[in-house]
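Entries follow in the order I looked things up.

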There are 2 protein chains.
Amino acid sequence: MNIEQFVAQCEGTWRSMRSSHSLAFQQFEEVLSEIRIQKVNSEDPEVIQLLKSTTSHNSMPVSPFKMEWQAESDWEPNVKSEVTSGSCLLIPIPKTHEKGVILRSRGYAEAEKAVSNYEFLSDGTFLLITKYGQSIAEERIWFVSKHIRCRSSVLRTSEGSGVLQTSFASEVRRLKN
Amino acid sequence: MNIEQFVAQCEGTWRSMRSSHSLAFQQFEEVLSEIRIQKVNSEDPEVIQLLKSTTSHNSMPVSPFKMEWQAESDWEPNVKSEVTSGSCLLIPIPKTHEKGVILRSRGYAEAEKAVSNYEFLSDGTFLLITKYGQSIAEERIWFVSKHIRCRSSVLRTSEGSGVLQTSFASEVRRLKN
């Protein structure tokens, strides 16, 4: 598996069921959302802008893509759902076949720009590690079939090994748009 | 990572937060439970019994262990929780350093005896695949720190690639008993 194949596999619209676990408070959170992943042209002004604004990277970007999400949170099943949405531009820059960095216009744990390190495990699982000011996020994405993927994340404090939150999403591709 | 080190790392009492996703119905389930994992002597009558009752395996068993769980389901937050519990004997039989089989006195997806195949991925993630009559379960266990582990499962139909259910557990070691 390389990053180009991985992005191609991720392209499309996904119906996501996501559970978060707050370990300190033993609280569960459940979110249903729709995620849309689309490749973006390397010449796109947003891509050029993000590449310029980040510390120089020698290698060439591969398969930049945009992720958009629209979440329907159901913390309170009987209360009207709160809808949140957002989008993020991601630019992979491979170092080797299995490893590299990804520039993000917006982070996962903190809403600021971020640089992540990625690698593929022996079974093709995609591993993404992002260091923020106060925290480190480790995300894993693996496909259980062509149209179903799993995504887990662990958020920990950057000092020490305190784990703040974990999450897991089961995502099914929307075959009709 | 080998199976002996892995079982040693798992030994103890764990406080588990587990979320299940039923993909067809888009239903979430949340379970809080306590899991206790203890090594069992290879000469234990239960171990000998399970080894005898299963098709012959040439290699020697390593680190047999018992898993006990007590779950407090909270499907309905305002209704008195239902407590379920159970236990299972597991006997690993390595084939190589990273791969082997595990005999189980009770399966995960179906409550009958089962034989699972296990292997370790390049980052030490433990991967366990169990074929039942009607379904195949894939479980992954990885440690995010010495005292925190994550566990995911995907249950699919044995015919075709239909995914029935996924689950994810965040487990924190109980340091005091």
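Started with the interface: 100% of the interface residues of chain B are also interface residues in chain A, so the copies meet through the same surface. Contact here means heavy atoms within 4.5 Å.

Ground rules, for the record: this is a predicted model, where local features need pLDDT of at least 70 and side-chain atom pairs count only at pLDDT 80 or more, while totals for chains, interfaces and linings use all residues. Residues are numbered from 1 along each chain as its sequence is written, chains are lettered from A and ligands numbered from 1 in the order in which they are written, and side-chain values use heavy atoms, with hydrogens and water left out.

Then the charges over rings (NZ of Lys or CZ of Arg within 6 Å of the ring centre and within 35 degrees of the ring normal). I found the charged end of Arg149(A) over the ring of Trp14(A), 5.3 Å from its centre. In chain B, Arg149(B) lies over the face of Trp14(B), 5.2 Å from the ring centre.

Last, I noted that Trp14(A) belongs to a cluster linked by ring pairs, along with Phe6(A), Tyr118(A), Phe120(A), Phe126(A) and Phe143(A). Rings of Phe, Tyr and Trp (its six-membered ring) pair if their centres lie within 6.5 Å.

Definitions and conventions
Rings of Phe, Tyr and Trp (its six-membered ring) pair if their centres lie within 6.5 Å; planes under 30 degrees apart count as stacked, over 60 as edge-to-face and the rest as tilted.
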